[in-house]
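Have a look at the model first, then read on.

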Amino acid sequence: MNSTGGHSMTENESHPTDSVVVDCDRCLVRSPSACGDCVVTFLLGAPPAGIEIDADEMAALGVLSDAGLTPPLRLVTPVAGPETQAV
């Protein structure tokens, strides 16, 4: 695991310098089980209408997750075409 949310990045994924907009309503895996094990619910108590997490905050969340102190960000959003993108 690494500080980008627990997975390796590919060319099609966000770069660590990008901010991430977390919109739980657009998450493809939104469910009690997935949300219950997501850092957004862990820190905020319930999925928000939408938050923006900058690169430094994503790095900090990755460190906390890698250390086992928080769950990772479980956000999965649709991308152009039938593919999905996990953040």
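The points below go from the whole chain to single residues.

1. Before you start, please keep in mind that this is a predicted model: local features need pLDDT of at least 70, side-chain atom pairs count only at pLDDT 80 or more, and totals for chains, interfaces and linings use all residues. Residues are numbered from 1 along each chain as its sequence is written, and side-chain values use heavy atoms, with hydrogens and water left out.

2. The chain contains three helices and four strands, which follow one another from the N terminus as β-α-α-β-α-β-β. Here helices (H or I, at least four residues) and strands (E, at least two) are DSSP runs, numbered from the N terminus.

3. Of the 87 residues in the chain, 33% are buried. Buried means under 20% relative accessible area, exposed over 50%, and partly exposed in between (1.4 Å probe, protein chains only).

4. The largest nonpolar core has 12 residues, among them Val20, Val39, Leu61 and Leu75. β1 (20–22), α2 and α3 each supply at least two residues of this core. Such a core is a set of buried Ala, Val, Leu, Ile, Met, Phe, Trp, Tyr and Cys residues joined through side-chain atoms within 4.5 Å.

5. Where is Thr70 found? Thr70 lies in the loop between α3 (55–66) and β3 (76–78). Thr70 counts as buried because its relative accessible area is 11%. Beyond its neighbours within four places in sequence, Thr70 is in contact (heavy atoms within 4.5 Å) with Val39, Phe42, Leu61, Leu64 and Ser65.

6. Leu43 sits in helix α2 (residues 39–44) and is partly exposed, with a relative accessible area of 49%.
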